Amino acid sequence: MSFEFPLLSLIIWLPIVFGIAVFATGNDTNAQLARWISLIGSTLGFLVAIPLYSGFDITTSSMQFVENYVWFERFNVNYHLGVDGISMPLILLNCLITPIVVVAGWEVIKQRVSQYMGAFLVMSGIVNGVFSSLDAILFYVFWEASLIPMFLIIGIWGGPNRVYAAIKFFLYTLLGSLLMLIAFIYLYKTSEGSFSIEDYHKLSIPLTPQIFLFIAFLLAFAVKVPMWPVHTWLPDAHVEAPTGGSVVLAAILLKLGGYGFLRFSLPIVPDASLYLADMMIALSLIAVVYIGLIALMQADMKKLIAYSSVAHMGFVTLGFFLMNAYGIEGAMVQMISHGFISGAMFLCVGVLYDRLHSRQIADYGGVVNKMPVFAAFFMLFAMANAGLPGTSGFVGEFMVIMSAVQINFWYAFLAATTLIFGAAYTLWMYKRVVFGAVANSAVEGLQDISKREFILLAILAFFVLWIGIYPFPLVEVMHSTIDHLLIHLSTSKL
Amino acid sequence: MNFIPPDFAPASSEIFMLIMVCVVMLADLTAGNNRRHVAYLLTQITLLGCALLTFISFSTEVNHTFHGMYVDDSMSDILKLMVYGTVSAVLIYSHTYVSDRGMLRGEFFSLILFATLGMMVMISASHFLTLYIGLELLSLSLYALVALRRDSQLATEAAMKFFVLGALASGFLLYGMSMVYGATGTLHISQLAQIIQSEASSREVLVVGLVFIVAGISFKLSAAPFHMWAPDVYQGSPTAITLFIGSAPKLAAFGFVMRLLIEGMGEMSADWQGMLVILAVLSMAIGNIAAIAQENIKRMLAYSTISHMGFLLLGFISADSNGYSSALFYVIAYVLMTLGTFAMIMALCRNGFEAENISDFKGLSKRNAWYAFITLLLMLSLAGIPPMIGFYAKFAVLQAVVNAGFVWLAVVAVIFSLIGAFYYLRIIKLMYFDEPETDEPILPNSDVKILLSANGLAVLALGIFPQALMGLSLYAIQNSM
């Protein structure tokens, strides 16, 4: 494939154009048409993203598939796109999750179908834009724009407390990102008129401004990840969001925060990152241990998985701020793997919710008697969530723990408790929901998963096992980029 | 004595406007049954004619005329073109509303045209007296417009309040101008700058004069703590008039600030910077926090205006052309958003029903998905969320503020705009998440429908391609300084 071809633009704009087409189908009389257009659009969106992997050069750390045009010259802002080993896997993850979400909402969403499907397609394009922007303002525009569809998805199709959750989600994220905007403007001034992220990587900044910049970035990304103590929006948003919304939120939107740390915090302000690394590690470990304990106590399945997401994302930030190759690569693998596992877990809960309209663990019991195929899938994902070797959940956590041992034994010790807590809260929930005698007449009437649901879960199961057994193709693409990032980190920019 | 007639060419559009106001009044008296229609068309033609005249005389040079009392530069031309466009849109939007409520009399058109003339004079003034005449022409027309609905108690009260406080502010302004005159001995804005620069004047008197002038300006901009009139006037006026007050005069006020503070007293920027910082922070704080508590949509938008004016003032604080052009961009973006928002409120009104409360937006997405979408764009733009134009306006101003070294001020500004985001989100929430209270169809005229759609989409399109407008703003400022 020739490098002239604007592949990244296509990956960004194709879903958005299809999304607009879906909106245009109008009200629910054309619902079936809206569904099919979204399926075609999201599948095409995934297919056009494949050349990104097949044409990717793993030997270089520089940006690939670069596109650079002037966007508005008044402030020297460019439409500058490109991917490296960090962003490429995340784009593929996003493109894969979108068709899954569309299919997951196929029969479940009956009202305002075109708006629901269209919002997911538009969001998919916007998120691809976030991952591939190399201009700070372009990045910011995509970053903030991704709030709008998610806000509507939670608010329109969510549960009873959806309005509160939607507004909380929006304002929390906006708070962080506005300070990031000021950080960008400050960097624009310091760099004498550039918004290029690659220019920022070369900028030398004194320690005090570095720390302020780090804090501004931290607020933006920590809210998204989310890190303790700014995670409180996540359980609310997850619980109230429709299944598709939860899947995208957990699988994709949380990754934006992690990506931000790698793209901005670590390379632009490495000295501040080093200076504050202990704090970041402490916050991450609190997330891993404390939130793990909170998850144990949840009575609501979605809330439990939401808290488990916070704990798993704690591993990601822990890996980043250990600042060695194992740590960062492990964190990246953890991000991708968490995308599949948490997405799958939410789909599983969605499958149950669609049948019984309850998310309470206490309302279930003995599901295995009525839904054996589903129980098998759910088992696999629960195990992966607990970090069982052979599943993708193990690889990332293991790498991060390995790297933590090199730094400090107690870090590794605390991080490793997640293997116990994770197993405890996931499997205990699994036991209460799936095993035992049939709990009540509602469970008695359950039907096993349909073909549609089977395909969705099978695709996710395939990736969970693939990364668990043979993670090399994933690690390989990140290798040179992360090596380059580490060189960045080890050179002071004061 | 030798009388040299002044060069009328730079003021041709004002002269044309004055003639046409008289024509509109006469036509309205003499034309037959469909005279309202004639007056309406004539008004639109007048605005078009002015636009053509301004466009033809467009030049990059600065032309002074009437013995230096009047100036024609690229900033004034660009601002005037914006004013014509805005007034024309106001007329299209408010036509049905006004005629449904029996306010479509000849006065309506002539007062609007007089107000427009006042704005044009303000924008082009280069002398304190011209500036004041323009301002009073605008203000008096606005007082009368607010009171146009004579049978409405609320409107009469609003007009009284507006008039009394407005007269007070004009008094402040005149007093400040007289102090400046006392200190420098001139009323010409360009000479004033030179005298201040040469430091031949008494600094103390000048600063006292400056304080009064800034107070007068703040009143006209409705910046806190001189904002008290705005919520009452916005709420009390018929929505069509609120739309007018909230839109075009902000452009004129921008020109007014440029002429007085920047061109006239730019040398004293160190003195007025501090005042503007206080005004800006207060406006953003009061505007955004008070707006949360409002149930009346017009009142809420009045507070939102106050906060936006605070943001606009931030653009002036950097005291360089970068900041001024950002402020100009901000005011243009603001006018575009205000036009759309009030037009939407009017579209929700029916004969005999006033859309007044924010609850009237409930379930709009179910009643009319397209209008809900347009309102969504407008609200997000007002909240400053990309990719809407409101974001770039905020971005440009913040950039100027940070560039001038006021990072803390930028942080304060974004925190208040975060608070502000809440009440815009509330409208979106009502439209999309709530059930409608009524299923009355929304049936505006086709011209309103087209213009409103264009207005909403412009907010998005100019956000995706902001270069043209940003470049224009910079060009206007750079060629006039």
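Buried, as used here, means under 20% relative accessible area, exposed means over 50%, and partly exposed is what falls in between (1.4 Å probe, protein chains only). The model is a predicted one, in which local features need pLDDT of at least 70, side-chain atom pairs count only at pLDDT 80 or more, totals for chains, interfaces and linings use all residues, and side-chain values use heavy atoms, with hydrogens and water left out. Residues are numbered from 1 along each chain as its sequence is written, while chains are lettered from A and ligands numbered from 1 in the order in which they are written.

On confidence, the predictor gives the complex an ipTM of 0.87 and a pTM of 0.90. Helices (H or I, at least four residues) and strands (E, at least two) are DSSP runs numbered from the N terminus.

Next, the interface. Contact (heavy atoms within 4.5 Å) between the chains takes in 34 residues of chain A and 40 residues of chain B. The area buried between chain A and chain B comes to about 3,300 Å², with carbon and sulfur atoms giving 80% of it; buried area is the accessible area (1.4 Å probe) that two parts lose on being put together, summed over both. On the chain A side, A:Arg74, A:Ile182 and A:Ile185 lose the most area to chain B, together 19% of what that side buries.

On a 1 Å grid over the protein atoms alone, a cavity is a set of points where a 1.4 Å probe fits but cannot get out, a pocket is an open set with protein on both sides within 12 Å along at least five of seven lines, and lining residues have an atom within 4 Å of a point. Grid points are joined across faces, edges and corners, and a volume is the space filled by probe spheres set on the points. The largest pocket has a volume of about 1,300 Å³. Its lining runs to 42 residues, and those closest to the centre are A:Ile20, A:Phe23, A:Val122, B:Phe373 and B:Leu460. Both chains take part: among the elements giving two or more residues are α1 (7–24) and α4 (113–132) of chain A, and α16 (369–383) and α19 (446–464) of chain B. The most comes from α16(B), with 7 residues. By class, this lining has 34 nonpolar, 5 polar and 3 charged residues, where Ala, Val, Leu, Ile, Met, Phe, Trp, Tyr, Cys and Pro count as nonpolar, Asp, Glu, Lys and Arg as charged, and the others, Gly among them, as polar.

The second largest pocket has a volume of about 750 Å³. It is lined by 36 residues, with A:Val108, A:Ile109, A:Trp157, A:Tyr353 and A:Asp354 nearest its centre. Here the lining divides into 12 nonpolar, 10 polar and 14 charged residues, and α15(A) gives the most, with 4 residues. Helix α10 (233–240) of chain A also supplies at least two residues. That helix is mostly covered, 8 of its 8 residues being buried, and what covers them includes α6, α7 (162–190), α9 (207–224), α11, α14 (301–322) and α15 of chain A.

As for cavities, the structure holds 8 of 30 Å³ or more. The largest, at about 180 Å³, has a lining of 16 residues, of which B:Leu138, B:Leu142, B:Lys220, B:Trp229 and B:Pro249 lie nearest its centre. Helix α5(B) gives the most to that lining, with 5 residues.

Most residues other than glycine have a negative phi, and most peptide bonds are trans. A:Arg112, in the loop between α3 (87–104) and α4 of chain A, has a positive phi of about 50 degrees. A:His357 has a positive phi too, near 55 degrees, but at 55% relative accessibility A:His357 counts as exposed. In chain B, the peptide bond from B:Ala224 to B:Pro225 is cis, with omega near 0 degrees, and a cis bond also joins B:Pro386 and B:Pro387, with omega about 5 degrees.
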